[in-house]
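Biologist: I would like to learn how to read a few local features in a model. Could we go through them together, one at a time?

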Amino acid sequence: MRRPRRPGRANSDAERRRLAQAHRERPPAKGSKRPVLWCDGGSRGNPGPSAYGYVIEAPGGELLAEIAERLGVATATTAEYRGLLAGLARAKELGLSRLEVRMDSQLAVAQLNGEREPRNPAIRALLEQAHELAASVGPVRYRWVPRDENGRANRLVADALGL
């Protein structure tokens, strides 16, 4: 039996696909009037040795924070979420609000935007933590970017993994 849809959401699968496609086709803004959190996570094998990295930039592009950390054995999706959580926590410490998060994981962005529901309970728990932390930061907008545009955060992850 299918769960009833939440109010204000798409009423059909076709409508949901159209909305998701329109969201993906919208080009991300090159310059942003908001602080930008670039985050990435990855693993060698899935699961395997994993790491995350994030970069926080001021609206003008000034570097505010840059971190990479190894996680141990985890999946790539877990690493993506752990990078997001660490970046949001740092943004909160810096007193930033109206944050724009850019990630190269289409799955994570779709889940964060409410377009897709995670099946894994561990990922669902990380998603809930991300929503709680984002609410304490202020309005947060999630955008998918191609991997080559997320180069700095991607490089941090590769360096942490020794690639």
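Modeller: Gladly, and let us begin with the salt bridges, where the count comes to four. A salt bridge here is a side-chain nitrogen of Lys or Arg within 4 Å of a carboxyl oxygen of Asp or Glu. Keep in mind that this is a predicted model, in which local features need pLDDT of at least 70, side-chain atom pairs count only at pLDDT 80 or more, and totals for chains, interfaces and linings use all residues. Residues are numbered from 1 along each chain as its sequence is written, and side-chain values use heavy atoms, with hydrogens and water left out.

Biologist: Which parts does the salt bridge of R152 and E66 tie together?

Modeller: Their side chains meet at 2.9 Å, N to O. R152 belongs to helix α5 (residues 151-161) and E66 to strand β3 (residues 63-74), so the pair ties together parts that are 86 residues apart in sequence. Helices (H or I, at least four residues) and strands (E, at least two) are DSSP runs, numbered from the N terminus.

Biologist: Where do R90 and E93 lie?

Modeller: Both are in helix α2, three residues apart, about one turn of the helix. For accessibility, buried means under 20% relative accessible area, exposed over 50%, and partly exposed in between (1.4 Å probe, protein chains only). R90 is partly exposed at 27%, whereas E93 is exposed at 60%.

Biologist: What about the backbone?

Modeller: Most residues other than glycine have a negative phi, and most peptide bonds are trans. In this model, R98 has a positive phi of about 50 degrees although it is not a glycine. R98 sits in the loop between α2 (76-93) and β4 (99-103), and R98 is partly exposed at 46% relative accessibility.

Biologist: Which residues does a cis peptide bond join?

Modeller: N46 and P47, with omega about 5 degrees. You will find P47 in the loop between β1 (36-43) and β2 (48-57).
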